[in-house]
Amino acid sequence: VNTPKSHRIPNEILDEATTWFVEFSEGEVGEPQRQQFIVWLRTSPEHIRAYLQITAHWEDARALQSSRRHSVDELIALARTSSNVVQVPVPVSGLGSGGLSRQPDQLQFSSKTPDQGPHTGTFKRKFSIAASIALAAMGSLAWYWYTY
Amino acid sequence: LPTEPRHAFVAALEKSHGHKLRRYLAARMRNAAADVPDLVQEVFLRLLRLDNHEAIRNTQAYLYTIASHVLHQHALRRAANGETSDVTDIASELERSETDPAIQLEIEQQFEQLGQGLLESSPRAYATLILHRCEGLPLQDISQRLGVSYSMTKKYLAQALKYIERRLEDSKEAP
C-alpha cells in the first residue's frame with residue numbers, strides 16, 4: 001500500500017504516542033519505562049512523527065483558553081453529567097467531513113482493546129441518528145467496561 | 001559548525017526556549033510537508049545511533065535535542081542553497097511564531113473549532129484538557145473533582161490530544 005502524501009498516523013501508534021506523552025508530562029516515568037519508550041521511538045520514524053505532533057498539539061492547546069465559555073465549575077459539572085452518555089456527534093463545518101463519522105467510536109473505543117473490534121465495526125456500519133440511542137447504550141457499557 | 005559549539009548552541013536554545021522550541025519543531029515538521037519525511041527520518045537515524053545509556057537517562061530531552069540538531073542542519077542547508085537562513089534565524093523564528101498575532105489568531109480560530117468538536121464528542125476529554133492545560137489543574141485534582149480514577153483522567157487527556165490530531169488530519173485531507 002502506498003503511503004498517501006498527507007498520511008494519517010495509524011491508530012495504534014497514535015494511541016501509544018498520546019499515552020507516552022501523558023506519562024512523561026506527569027513526570028512519573030521510571031527507568032524501565034524510559035527504556036521501553038526509547039525502543040518505541042526507535043521502531044520507526046512514524047513513531048517519532050506521532051510523538052512530535054502530539055507535543056505540538058499540547059503546546060497549541062493553550063489557544064483553547066481564548067474561546068472557552070465555561071468556568072472551572074461549569075466544566076466539572078458538564079463532565080460529570082456526561083457520565084456514561086455517548087454524545088451524538090454534531091457535524092462542525094470547515095474541518096473536513098471524513099472524520100466526523102469516525103470520531104465518536106475513536107473516542108469511545110480504543111484500539112488497545114482488541115475484544116471490542118467487532119463492536120467497533122458494527123458501530124461504524126450502523127451508525128446513524130436513528131440507531132444512535134440504542135448504540136449509545138451499548139457504547140456506554142463498552143466504554144464503562146473499557147475504562148474501569 | 002564543529003560538533004561541540006553546535007551542541008552548545010542547541011543546548012542553549014533548548015534551555016532558553018523550552019516549550020517554544022518543541023512547538024516550533026513539531027509545527028515545522030507538520031507544516032513543511034516536503035521536509036517532513038527527511039527531517040523525521042534524520043531524527044530517527046540519529047536516535048538509532050545514540051548510546052542507549054544516554055538515551056534512557058533523559059529520553060524526552062534527547063528527542064528534542066536531536067530534533068533541534070536536525071532542524072539546525074536543515075537551516076544550514078537552506079542557507080547553503082542561497083535561501084535566507086542563518087543559525088540565528090531559528091531563534092528569531094521561534095520568537096516570531098510565539099508573538100506574531102496573525103499566527104496566534106490562526107491557531108486560536110483552529111482550536112476554537114477543535115474545542116467545540118471535542119466538547120460535543122467527549123465533554124470529559126474536553127474538560128480534562130481545558131482544566132489541565134489552561135487552568136493548570138493537576139490531573140490528580142481533576143480526577144477527584146470528576147469522581148473518576150487518576151488513570152481514567154490520563155486517558156481523557158490522551159483522547160483529547162488524539163482527537164486534535166485526527167481532526168487536523170481530516171482538515172488537511174479535505175479538498
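## Two helices that cross

Helix axes here are lines fitted to C-alpha atoms over the stretch in contact, and their angles run from 0 to 180 degrees between N-to-C directions. With that in hand, look at helix α2 (residues 31-41) and helix α3 (residues 45-60) of chain A: their axes come within 7 Å and cross at roughly 115 degrees. That makes α2(A) roughly perpendicular to α3(A), a label that covers angles from 65 to 115 degrees.

Who does the touching? On the α2(A) side you'll find A:Phe37, A:Trp40 and A:Leu41, and they meet A:His47, A:Ile48 and A:Tyr51 in α3(A). Contact just means heavy atoms within 4.5 Å. Five residues of this contact are nonpolar, one is polar and none is charged.

## What you're looking at

This is a predicted model, so local features need pLDDT of at least 70 and side-chain atom pairs count only at pLDDT 80 or more, while totals for chains, interfaces and linings use all residues. Residues are numbered from 1 along each chain as its sequence is written, chains are lettered from A and ligands numbered from 1 in the order in which they are written, and side-chain values use heavy atoms, with hydrogens and water left out.

## Chain A overall

Chain A has seven helices and zero strands; helices are DSSP runs of H or I with at least four residues, strands are runs of E with at least two, and both are numbered from the N terminus. Of the 148 residues in chain A, 49% are buried, meaning under 20% relative accessible area with a 1.4 Å probe, protein chains only.

Take the chain A contacts between residues at least 6 apart in sequence: 63% of them join residues at least 24 apart. Chain A exposes about 7500 Å², with carbon and sulfur atoms supplying 57% of it.

## Helix α1 and A:Glu23

α1(A) has 15 residues and reaches 21 Å from its first C-alpha to its last, close to the 21 Å expected at 1.5 Å a residue. It's largely enclosed by the rest of the structure, because 11 of its 15 residues are buried. Among them are A:Trp20, A:Phe21 and A:Phe24. After α1(A) comes A:Gly27, with a positive phi near 65 degrees.

A:Glu23 sits in this helix, which spans residues 11-25. Is A:Glu23 buried or exposed? A:Glu23 is buried, with a relative accessible area of 14%. Leaving out residues up to four places away in sequence, A:Glu23 touches A:Glu28, A:Val29, A:Gln33 and B:Lys154.

Conventions
Buried means under 20% relative accessible area, exposed over 50%, partly exposed in between (1.4 Å probe, protein chains only). The expected span of a helix is 1.5 Å times one less than its number of residues. Accessible areas come from the Shrake-Rupley method with a 1.4 Å probe; for residues, only the protein chains shown count as cover. Angles under 35 degrees count as roughly parallel, over 145 as roughly antiparallel, 65 to 115 as roughly perpendicular and the rest as oblique. Ala, Val, Leu, Ile, Met, Phe, Trp, Tyr, Cys and Pro count as nonpolar, Asp, Glu, Lys and Arg as charged, and the others, Gly among them, as polar.
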